[in-house]
Amino acid sequence: MTKNKTRVSMAGVLSAAALLAGVAAPAATAAPAAHHTHPGHSAREIPFTAAEVTARDGGGYEVTWKAPGVRKVAVRANGRTVAVGGAIGRVTVRGLPAADRQWFDLVPDRGERLRLADRLIRLEGTVNFRDAGDYRTRDGQWVRMGAVYRTDSLDKLTGDDLAKLKRLGIRVDYDLRTASERTSAPDRLPKGVRYVVADVLGADSPVFSMPETAAEAEQMMIDGEKAMVSGESAKAAYSTVFAGLSRDADGTLYHCTAGKDRTGWASAALLTALGVPRETVMADYLASNEYRAEANAAALAAMPAEQAAVYKPMLDVRAAYLNSGFAEVEDAYGSFAGYEKKALGMDARELRRLKADLLVG
């Protein structure tokens, strides 16, 4: 232990951790893809309690679902039926034409269909670019896909990546990073995308002593999560994002450097506001560990073992981090509804409009 510890702001901690991990995507590039269509809203019940599409190496797709009480589910892609199953299904679909995103319609013999694609958007210059949709709410609705996206840094996007974002219909980019991050790694965006600064940490970023143990590093991340809930810059930034989402969510993108902390809270707050259960919100948050695994492992491998042990909590996302954010919501605002109103500036009308836009079923 050193007697005089280095002091650093939370902004510096998150920036340093993300830059250590790097943001270069794996060598494999994404398959080119078709522009998504806007799924129609329907008052009919969606019978699916679980459903997911996962792209597999080699070009195939695994489609899984659960639809209690349904006898038959047809899996359709590109206007034709590519598989058929029962109430519970797991099929692998191959031989489809190359596409930026391959969309599937799960069509039950009763109730409304569900439209899905792989959540991960494969780009050459990112590792954690994801669709914020494809989650079921407590009352049986689904967060529609193809509207809102979350990601890590956008400064390494290639020309092919920019063309893909254009085809995906990205219209507005909310940059949650600090001024120094934005200056050192400015976003690359398709022409015509509206760029909005929504600096979560800002000048009021809390200052910590640089950790010297893994336990100190974990506690710093826990305290930093709380600042993303009740800090003045954080409230202003997330209010800006949610105001935009409530006006028109389609084509919205928000991001920080690693796409896991500031972006993670943005998605956790959005999904919670839409009525997605906490365990599902947590699973979405923790998925950054999977998508960033290769980059994080490379960063840690380049350090001495003792240093890597201290830095690992700053590269991870952990349940304790997100739970501390929700605990801060309760302590500072009494409830998530209180947080929506007092911190995000969302009134009942805006919340209804957000749900009407982003929920189907």
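Author: The crossing of α6 and α7 is right-handed. This is a predicted model, and the helices in question are α6 (residues 262-273) and α7 (residues 278-291).

Reader: At roughly what angle do the axes of α6 and α7 cross?

Author: The axes cross at roughly 160° and come within 10 Å. Angles over 145 degrees count as roughly antiparallel, so α6 is roughly antiparallel to α7.

Reader: Which residues make the contact between α6 and α7?

Author: On α6 they are G264, S267, A268, L271 and T272. On α7 they are V281, D284 and Y285. By class, the residues of this contact divide into four nonpolar, three polar and one charged.

Reader: Let us turn to a single side chain. Is D175 buried or exposed?

Author: A residue is called buried if its relative accessible area is under 20%. D175 has 0% relative accessibility, so D175 counts as buried. Its place is in strand β13, which covers residues 172-175.

Reader: With which side chains does the side chain of D175 make polar contacts?

Author: One partner is the side chain of R177, at 2.9 Å. Another is the side chain of Y195, at 2.7 Å.

Reader: Which residues is D175 in contact with, leaving aside its neighbours within four places in sequence?

Author: D175 is in contact with R182, D187 and H255, and also with Y195, V196, V197, A198 and D199.

Reader: Where is D134, and is it buried or exposed?

Author: D134 sits in the loop between β9 (130-131) and β10 (135-136). At 4% relative accessibility, D134 counts as buried.

Reader: Last, the protein as a whole. How many helices and strands are there in the protein?

Author: The protein has 12 helices and 17 strands. Of its 361 residues, 56% are buried.

Reader: What share of the contacts with a separation of 6 or more comes from residues 24 or more positions apart?

Author: Such residues account for 71% of those contacts in the protein.

Methods:
Residues numbered from 1 in each chain as written. Predicted model: local features only at pLDDT ≥ 70, side-chain atom pairs only at ≥ 80, totals over all residues. Heavy atoms only, no water. Helix = DSSP H or I, 4+ residues; strand = E, 2+ residues; numbered from the N terminus. Buried < 20%, exposed > 50% of the residue type's maximum accessible area, 1.4 Å probe, protein only. Polar contact = N/O pair within 3.5 Å; in protein donor to acceptor, adjacent residues only side chain to side chain. Contact = heavy atoms within 4.5 Å. Axes fitted to C-alpha atoms, helices over the stretch in contact; angles between N-to-C directions. Parallel < 35°, antiparallel > 145°, perpendicular 65-115°, else oblique. Left-handed = near helix turned anticlockwise from the far one by under 90°. Nonpolar A, V, L, I, M, F, W, Y, C, P; charged D, E, K, R; others polar.
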